[in-house]
Amino acid sequence: MAKTALITGITGQDGYYLSRLLLERGYRVAGLVPLHRQSSLAKLGSLASQIEVCAVDMRDSAALLAVVEQLQPQEIYNLAAPSFVPDSWQDPLGTLDLVTGTATRLLEAVRLAGLNTRFYQASSSEMFGQVDRSPQDENTPFRPMNPYAAAKLHAHWTMVHHRQRYGWFACSGILYNHESPRRPPNFVTRKVSLAAASIKLGLSDRLEMGNLDAKRDWGYAGDHVEAMWRMLQADEPEDYVIGTGQLHSVRELVATAFECVGLDWTRYVVVDPKFLRSDEHFYLVANPEKAKRQLNWEPQVSFEGLLEKMVLKDLERLQSAEVPSIAQIEQNS
Ligand code: NAP
């Protein structure tokens, strides 16, 4: 019989790639989507018709329990979060409630339903915060620096406590930045891919950037969701650091994206100090050795391959007027 997977945050970037992977592997896939966010289902395109949608408010413990009892999922992937970190400063309590509250309510729903559901918690490298060593691995201490990271850490420990107390199969994937053509343009990778495509098509003539020397470990979302799935298929429930292990600067990001469309980035990029982030921390980079060794997981898409995917998709979207150009986005913001 097909396994059932229940996903929160199914309408997000990872929700899309994870649903696609699970459907390809024969799962019955269900997603928790609150009533007021149902319009987000459009982001799933044709996948939307292949999943079961449960209209549940993440704050409603009784409704979560009812869904878990009804679906009896073999696997739960808890992905819902306001994933753009700076937004968490606008609503620290709402962030805590969504991130930690949802993890806790779901874990409790599994306990009350008496199921053996395998549980994946979407943790983040932001939990390492202001690091004093590079690269980071599963033993690196956590020093979260913002409300998002603090909420993620609380959710992580709640999952660990349930695993220890009840002997459950629950895991945390501590994921580094992962991108795709599905990233919104407020993330730097997508901002750059959209700008390169817009300039190539003559829809814009410049790109404003902040600190070009900032460095990140950027992977491909399709690779990272594969790691999530492998964690839940393993013999033992363990937490894993998931990233490429490679650092690239924003300068390299811009140069590579513009190279995809045959442009010299130095002619178009303007460095504007207003885009500098005050809590910038450098050298947040994964040591994914444990995932390689125990899950046989390795990223399949290179940094260059990722940017090519993103820029080509943005070219296609702009040509069919599916998205506004970077110049239009800047005008309206
Ligand atoms: P995403 O694209 O922003 O998706 C977030 C999902 O959460 C969306 O489905 C969103 O719904 C939902 N959501 C947001 N606020 C909600 C609320 N108040 N109630 C219910 N649902 C809500 O994020 P992602 O990139 O797929 O990331 C997936 C998970 O991995 C997140 O937990 C994120 O924090 C974590 N993570 C991501 C990265 C990364 O680089 N992508 C790295 C480390 C960890 P809408 O579609 O309606 O907005």
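# Exercises on helix packing and sheet order

The crossing of helices H3 and H4 is right-handed; a crossing is called right-handed if the near helix is turned clockwise from the far one by less than a right angle, and left-handed if anticlockwise. The structure is a predicted model, in which local features need pLDDT of at least 70, side-chain atom pairs count only at pLDDT 80 or more, and totals for chains, interfaces and linings use all residues. Residues are numbered from 1 along each chain as its sequence is written, and side-chain values use heavy atoms, with hydrogens and water left out.

**Exercise 1.** Describe how the axes of H3 and H4 lie to each other, and state which residues make the contact.

*Solution.* Step 1: helices (H or I, at least four residues) and strands (E, at least two) are DSSP runs, numbered from the N terminus. H3 covers residues 92–113 and H4 covers residues 147–166.

Step 2: the two axes come within 8 Å and cross at roughly 15°. Axes are lines fitted to C-alpha atoms, for helices over the stretch in contact, and angles run from 0 to 180 degrees between N-to-C directions.

Step 3: H3 and H4 are therefore roughly parallel to each other. The classes are roughly parallel under 35 degrees, roughly antiparallel over 145, roughly perpendicular from 65 to 115, and oblique for the rest.

Step 4: the contact (heavy atoms within 4.5 Å) includes Leu96, Val99 and Leu107 of H3 and Ala151, Ala155 and Met159 of H4. Its residues divide into 11 nonpolar, 6 polar and 3 charged. Here Ala, Val, Leu, Ile, Met, Phe, Trp, Tyr, Cys and Pro count as nonpolar, Asp, Glu, Lys and Arg as charged, and the others, Gly among them, as polar.

**Exercise 2.** Determine the angle class of the packing of H2 with H3, and then that of H1 with H6.

*Solution.* Step 1: H2 and H3 pack at an angle of about 50°, with their axes 9 Å apart. That makes H2 oblique to H3.

Step 2: H2 passes H3 in a right-handed crossing. Among the residues that meet are Leu64, Leu65 and Val68 in H2 and Leu106, Ala109 and Val110 in H3. By class, this contact of H2 with H3 has 8 nonpolar, 1 polar and 2 charged residues.

Step 3: H1 (residues 13–24) and H6 pack at an angle of about 60°, with their axes 9 Å apart. H1 is therefore oblique to H6.

Step 4: H1 passes H6 in a right-handed crossing. The residues that meet include Tyr17, Leu18 and Leu21 in H1 and Val225, Met228 and Trp229 in H6. The contact of H1 with H6 divides into 8 nonpolar, 2 polar and 2 charged residues.

**Exercise 3.** In what order do the 7 strands of the open sheet follow one another, and which helix packs on the sheet, touching S5 and S6?

*Solution.* Step 1: the order is S3-S2-S1-S4-S5-S6-S11, and the pairing is parallel. Two strands pair if DSSP finds at least two bridges between them.

Step 2: the edge strands are S3 (52–54) and S11 (240–242), each of which pairs on one side only. From one strand to the next, the twist averages 20°.

Step 3: S6 (residues 170–175) is joined to S11 by 3 bridges. Leucine 175 stands opposite isoleucine 242 in S11.

Step 4: H4 packs on the sheet, touching S5 (118–124) and S6, and its direction makes about 155° with that of S5. H6 (residues 221–233) lies across S4 (75–78), S5, S6 and S11, running at about 140° to S4.

**Exercise 4.** Locate the loops that hold proline 135 and glutamine 72, and describe the backbone at each site.

*Solution.* Step 1: most residues other than glycine have a negative phi, and most peptide bonds are trans.

Step 2: proline 135 lies in the loop between S5 and H4. The peptide bond from serine 134 to proline 135 is cis, with omega near -5°.

Step 3: glutamine 72 lies in the loop between H2 (61–71) and S4. Glutamine 72 has a positive phi of about 50° although it is not a glycine.
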